[in-house]
Amino acid sequence: QNDDLRFGIDFLLKRALENGLNPDIRGEERSSDEFLTKKKPRTSFNKRQISVLEECFVTHKYLASEQRKRLADNLCMTDTQVKTWFQNRRTKWRRLECEQGGS
């Protein structure tokens, strides 16, 4: 049991940082937890992009891959960004449908 604590992930990470074994992950004021949970920053879209995406969503709740790619190219977005936006927008749409149906 003592060895489990002694050689836990946090201990090994801290020891590696202290010994300079992996200088690429040494941060300037970061805790060991930040290295374990690296989160991508939130993507923000401009008004034009949102407007076009919303217009498309009104008529098409789902896009074929070719439509999605064309839309992404026209809006200077990635295919994955458009795909994720539509997934999130459908979730919001369903939630709003349920709320309106319940009242």
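Is arginine 95 buried, partly exposed or exposed, and what is its relative accessible area? Arginine 95 is partly exposed, with a relative accessible area of 44%, where buried means under 20% relative accessible area, exposed over 50%, and partly exposed in between (1.4 Å probe, protein chains only).

The structure is a predicted model, in which local features need pLDDT of at least 70 and side-chain atom pairs count only at pLDDT 80 or more, while totals for chains, interfaces and linings use all residues. Residues are numbered from 1 along each chain as its sequence is written, and side-chain values use heavy atoms, with hydrogens and water left out. The average pLDDT of the protein chain, the predictor's confidence in each residue from 0 to 100, is 79, and 65% of the residues score at least 70. Over residues 22-27 pLDDT stays under 50, and for this stretch the model has nine contacts beyond four places in sequence; contact means heavy atoms within 4.5 Å. Where pLDDT is low, the predicted coordinates should not be read in detail.

The protein chain has six helices and zero strands; helices (H or I, at least four residues) and strands (E, at least two) are DSSP runs, numbered from the N terminus. Of the 103 residues in the protein chain, 17% are buried. Among contacts with a separation of 6 or more, 46% come from residues 24 or more positions apart. The chain exposes about 8700 Å², with carbon and sulfur atoms supplying 50% of it; accessible areas come from the Shrake-Rupley method with a 1.4 Å probe, and for residues only the protein chains shown count as cover.

Four salt bridges are present in the structure, each being a side-chain nitrogen of Lys or Arg within 4 Å of a carboxyl oxygen of Asp or Glu. One of them joins arginine 89 and glutamate 54 (3.1 Å, N to O). Arginine 89 lies in helix α6 and glutamate 54 in helix α4, so this pair ties together parts that are 35 residues apart in sequence. Arginine 89 is buried, at a relative accessible area of 16%, whereas glutamate 54 is partly exposed at 26%. Glutamate 54 also touches Trp85, leaving aside residues up to four places away in sequence, and the C-alpha atoms of glutamate 54 and tryptophan 85 are 9.9 Å apart.

Two further salt bridges lie within helices. In helix α6, glutamate 99 and arginine 95 are four residues apart, about one turn of the helix, and their side chains meet at 3.8 Å, N to O. In helix α5, lysine 69 and aspartate 73 have this spacing of four residues too, with closest N and O atoms 3.3 Å apart.

Beyond four places in sequence, arginine 90 touches Phe57, Lys61 and Tyr62.

The cysteines complete the picture. The structure holds zero disulfides, a disulfide being a pair of cysteine sulfur atoms within 2.5 Å. Cysteine 76 lies in the loop between α5 (65-74) and α6 and is exposed at 70% relative accessibility. Although not a glycine, cysteine 76 has a positive phi of about 55°.
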